[in-house]
Amino acid sequence: MSLFVTLAADILVAVLLAATIVTSLRLSRRIGQMKGDEAALRQTIGDLMVATGTAERAIAGLRAAIGDADRTLNASLDAATARSAELKLQVEAGETVVTRIGAIVAQMRAVPARPEPAPAPQVVSEPELQPLRRPEPSSPNGERLGAAAAAALAMSERALARVRARAA
């Protein structure tokens, strides 16, 4: 019986030894894989650190851009506020002018038309005025100017005659 127990114990030790060897081989493979992954993990950590540095620089650039945009926006708002105030003053001045023009038009409509004075009897014994003779113009513009001058002369003569009639 003791031979049988010894043989069974030896077989059991052999099986456990074989299981230990198989488990050791599996663990060795896993450790090899982990060492390979360790290199990849170190590469990933390095890439992550580079990306973090790039992101920090980008954030600093964005902060600078935001500062510039804020200053530009504030300057634009200040300019717009100044323009708005100028426009408000101009609109108020325009409204004042329109109000004045409206008042003038209303006064003109309220005033009745001035009746023409009755012609006074001619008692004038003064010598009649002789119309001035102008030289004949030589160009079309000269003709117009001459016609305008003649019309102005005629109007001034009529005004002078009215003044003399009132004085008499």
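R71 is exposed, with a relative accessible area of 54%. In this predicted model, R71 forms a salt bridge with D68, and the structure holds three salt bridges. The protein has 168 residues, of which 1% count as buried. Its secondary structure comes to two helices and zero strands.

**Overall make-up**

- The protein exposes about 15500 Å², and carbon and sulfur atoms supply 65% of that area.
- Helix 1 covers residues 2-110.

**Salt bridge R71 and D68**

- The closest N and O atoms of R71 and D68 are 2.3 Å apart.
- This distance counts as a salt bridge because the cut-off is a side-chain nitrogen of Lys or Arg within 4 Å of a carboxyl oxygen of Asp or Glu.
- R71 and D68 are three residues apart in helix 1, so about one helical turn separates them.
- D68 counts as partly exposed, at 43% relative accessibility, whereas R71 is exposed at 54%.

**Salt bridge E38 and R42**

- The side chains of E38 and R42 meet in a salt bridge, with an N to O distance of 2.9 Å.
- E38 and R42 are four residues apart in helix 1, which means a separation of about one helical turn.
- R42 is exposed, with a relative accessible area of 59%.
- E38 is partly exposed, with a relative accessible area of 38%.

**Salt bridge E86 and R83**

- E86 forms a salt bridge with R83, and their closest N and O atoms lie 3.7 Å apart.
- Both E86 and R83 lie in helix 1, at a spacing of three residues, about one turn of the helix.
- E86 counts as partly exposed, at 41% relative accessibility.

**Background to the pairs**

- Side chains of opposite charge can pair when their charged atoms come close.

**Nonpolar surface patch**

- L7, I11 and V15 form a nonpolar patch on the surface.
- Together, L7, I11 and V15 have about 290 Å² of accessible area.
- L7, one of the patch residues, is found in helix 1.

Conventions: Residues are numbered from 1 along each chain as its sequence is written. This is a predicted model: local features need pLDDT of at least 70, side-chain atom pairs count only at pLDDT 80 or more; totals for chains, interfaces and linings use all residues. Side-chain values use heavy atoms; hydrogens and water are left out. Buried means under 20% relative accessible area, exposed over 50%, partly exposed in between (1.4 Å probe, protein chains only). Accessible areas come from the Shrake-Rupley method with a 1.4 Å probe; for residues, only the protein chains shown count as cover. Patches are made of residues with over 30% relative accessible area and no salt bridge: like charges are joined within 9 Å, nonpolar side chains (Val, Leu, Ile, Met, Phe, Trp, Tyr) within 5 Å.
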